[in-house]
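Here are my notes on this one, written up as numbered points. Have a look at the model first, then read on.

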Amino acid sequence: MKYAVVEQQGQGTYWHDPSPYIAKLSEILPKLPPGARTFASHPEHYDFSAPRCVKDLRPQELPSAADDLGHYELRFAWSGGESDVLTIRYRGVSSVQITSDDGGPVELSDYNSVRLDEVLPHEAGCSHELRLTTGTVRVECADLTASWASISS
């Protein structure tokens with residue numbers, strides 16, 4: 001990621017610091033498409049105690065590529081939970097990259113959850129990078145829409 005910091009401090013221990021990204025948001029937001037802007041600027045996005053924070057969400061599946069029409073979808077649940085709490089739909093997808101730290105497949109488990117993410121302007125519209133515990137997902141697209149399940153705030 002360009003601004004947000006995720007550093008492994010020890011076995012299963014990470015330092016998470018979204019503040020460099022948050023500090024750049026006022027510059028970044030006007031350059032993002034509308035859906036990406038709404039998602040990135042939500043006040044709970046990086047509030048680790050808030051119900052709409054992406055940290056610790058677990059991907060339900062990681063499709064390897066966008067469909068023929070350039071759409072891609074990621075669904076997330078709370079660790080230990082089965083029901084979707086966040087669905088992100090990407091449209092006009094030009095690239096999907098899923099990489100693991102060890103070069104193997106990205107395992108889906110409660111352990112391999114979202115550490116942090118960042119949405120940045122891109123020539124296609126925007127890029128969305130999600131740093132997982134043991135891998136990274138990066139989607140370049142025209143725009144994205146994030147839908148949260150009903151959550152009590």
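**Notes on the fold and a few contacts**

1. Angles here run from 0 to 180 degrees between N-to-C directions, with axes as lines fitted to C-alpha atoms, for helices over the stretch in contact. Helices (H or I, at least four residues) and strands (E, at least two) are DSSP runs, numbered from the N terminus. On the other sheet, α2 lies across β5 and β10, at about 45° to β10.

2. Before going further, some ground rules. This is a predicted model, where local features need pLDDT of at least 70 and side-chain atom pairs count only at pLDDT 80 or more, while totals for chains, interfaces and linings use all residues. Residues are numbered from 1 along each chain as its sequence is written, and side-chain values use heavy atoms, with hydrogens and water left out.

3. Which residues of helix α2 are buried? In this helix (residues 34-41) they are Gly-35, Ala-36, Phe-39 and Ala-40. Buried means under 20% relative accessible area, exposed over 50%, and partly exposed in between (1.4 Å probe, protein chains only). Looking down the axis of α2, the buried residues fall within an arc of 120°, so they line one face of the helix; the arc is that of the directions from the helix axis to the C-beta atoms. The face turned away from that buried side carries the exposed Pro-34 and Thr-38.

4. What do the buried residues of α2 pack against? Their partners are α1 (19-28), β5 (86-91), β7 (114-122), β8 (125-132) and β10 (143-148), with contact meaning heavy atoms within 4.5 Å.

5. Two strands pair if DSSP finds at least two bridges between them. Six bridges join β6 to β9 (residues 135-141), and Gln-97 stands opposite Arg-138 in β9.

6. Ser-127 sits in strand β8 and is buried, with a relative accessible area of 2%. Leaving out residues up to four places away in sequence, Ser-127 touches Glu-118, Val-119, Leu-120, His-122, Arg-138, Val-139 and Glu-140.

7. Another open sheet of four strands goes β3-β4-β5-β10, again with antiparallel pairing. Its edge strands are β3 and β10, each pairing on one side only, and neighbours are turned by 25° against each other on average, direction ignored. Three bridges join β3 to β4; the bridge partner of Arg-58 in β4 is Ala-77.

8. How many aromatic pairs does a search of the whole structure find? Two. Rings of Phe, Tyr and Trp (its six-membered ring) pair if their centres lie within 6.5 Å; planes under 30 degrees apart count as stacked, over 60 as edge-to-face and the rest as tilted. Tyr-21 and Tyr-46 are edge-to-face, at 5.7 Å centre to centre and 70° between the planes. That pair links distant parts of the chain, 25 residues apart: Tyr-21 in helix α1 and Tyr-46 in the loop between α2 and β3 (57-59). Tyr-21 is buried at 0% relative accessibility, and Tyr-46 is buried at 11%.

9. The rings of Tyr-72 and Tyr-90 have centres 6.0 Å apart and planes at 45°, so this pair is tilted. Tyr-72 is in strand β4 (residues 72-78) and Tyr-90 in strand β5, 18 residues apart. Both Tyr-72 and Tyr-90 are buried.
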